[in-house]
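Colleague: I have a few questions about the terms used for this model. Can we go through them?

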Amino acid sequence: MAIDPLVFMNTLVNRFDFTKEDKDILKSNADWGLEIAAEMADHFYAYLGRDEEMNAILNQTEGRIHRLRETFVHWFHEMFTGIDDWGAGYSQRRWQIGIVHVKVGIQPQHIIPAMATVVNEVGKKLKTEGKSEELKNALSKICMIDLAFIEQSYIEVSTNAVLKETGWSATLFKRLVTHGAESM
Ligand code: HEM
């Protein structure tokens with residue numbers, strides 16, 4: 001593993017300014033998060049199902065969509081509980097979620113609009129239920145932190161695979177990528 005998930009988490013916490021107040025408001029709304037999780041899962045999988053490519057992936061194996069609905073509910077609720085105060089356990093879990101998507105072959109171009117759907121749908125729900133702007137901001141931040149984990153795992157996994165297969169150094173690989181980008 002090239003990155004330490006907890007170090008990465010702490011970097012993101014600083015970058016997004018995910019504060020103690022954000023954590024407190026999420027924790028105090030954890031029951032509400034669990035209550036609306038199934039409804040959010042409905043929106044999420046309805047969205048994915050409307051895309052031919054993603055729909056095929058979702059239904060590729062027996063029972064996958066059913067399993068996914070359950071994992072979504074857990075994932076959604078964990079954004080509110082923070083598992084271990086958004087520490088090593090939370091970071092490891094987010095890193096694993098990223099790896100699963102790389103293994104299944106789902107590209108970043110699918111992940112970003114999928115997370116946008118979550119942010120959008122939860123935003124509507126917050127509004128209809130009269131929830132605070134502070135909760136909305138805290139949720140947006142943690143959604144973006146989770147998104148950053150999934151996105152980063154692509155580059156980590158691909159880079160590691162190339163380095164392992166070729167024996168190249170990370171510096172050489174970086175130089176080749178930079179040169180490749182220059183010629184595009
Ligand atoms: C906001 C973005 C997303 C989140 C938060 C998310 C969440 C999750 C979670 C929590 C898991 C379980 C990971 C584990 O087993 O440890 C998972 C697996 C999976 N996700 Fe996602 N997902 C996202 C985007 C997508 C997209 C765009 C697709 C496209 C179809 C997708 C398809 C899958 C598949 C196929 C699996 C593996 C299911 C299996 O175990 O067979 N996900 N996802």
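Modeller: Start with α9: the count of buried residues among its 13 residues is 0. This is a predicted model, where local features need pLDDT of at least 70, side-chain atom pairs count only at pLDDT 80 or more, and totals for chains, interfaces and linings use all residues. Residues are numbered from 1 along each chain as its sequence is written.

Colleague: How do you know that the span of helix α9 agrees with its 13 residues?

Modeller: Helices are DSSP runs (H or I, at least four residues), numbered from the N terminus. The expected span is 1.5 Å times one less than the number of residues. For residues 170–182 that gives 18 Å, and the end C-alpha atoms are 18 Å apart, so the two agree.

Colleague: What makes a residue part of the shell around the ligand, and how many surround it?

Modeller: 22 residues surround the ligand, with M54, T71, W75, A114 and M115 the closest. Two or more residues each come from α4 (52–58), α5 (64–85), α6 (88–104) and α7 (108–128). α5 gives the most, with 6 residues.

Colleague: Which residues have the most contacts inside the largest nonpolar core?

Modeller: Such a core is a set of buried Ala, Val, Leu, Ile, Met, Phe, Trp, Tyr and Cys residues joined through C-beta atoms within 7 Å. The largest has 24 residues, and M9, L26, M79, A138, L139, I142 and I145 have the most contacts inside it. α8 gives the most to this core, with 8 residues.

Notes. A residue is buried if 20 or more other C-beta atoms lie within 10 Å of its own, exposed if 12 or fewer, and partly exposed in between; C-beta atoms are placed from the backbone. A residue is near a molecule or strand if its C-beta atom, placed from the backbone, lies within 6 Å of it.
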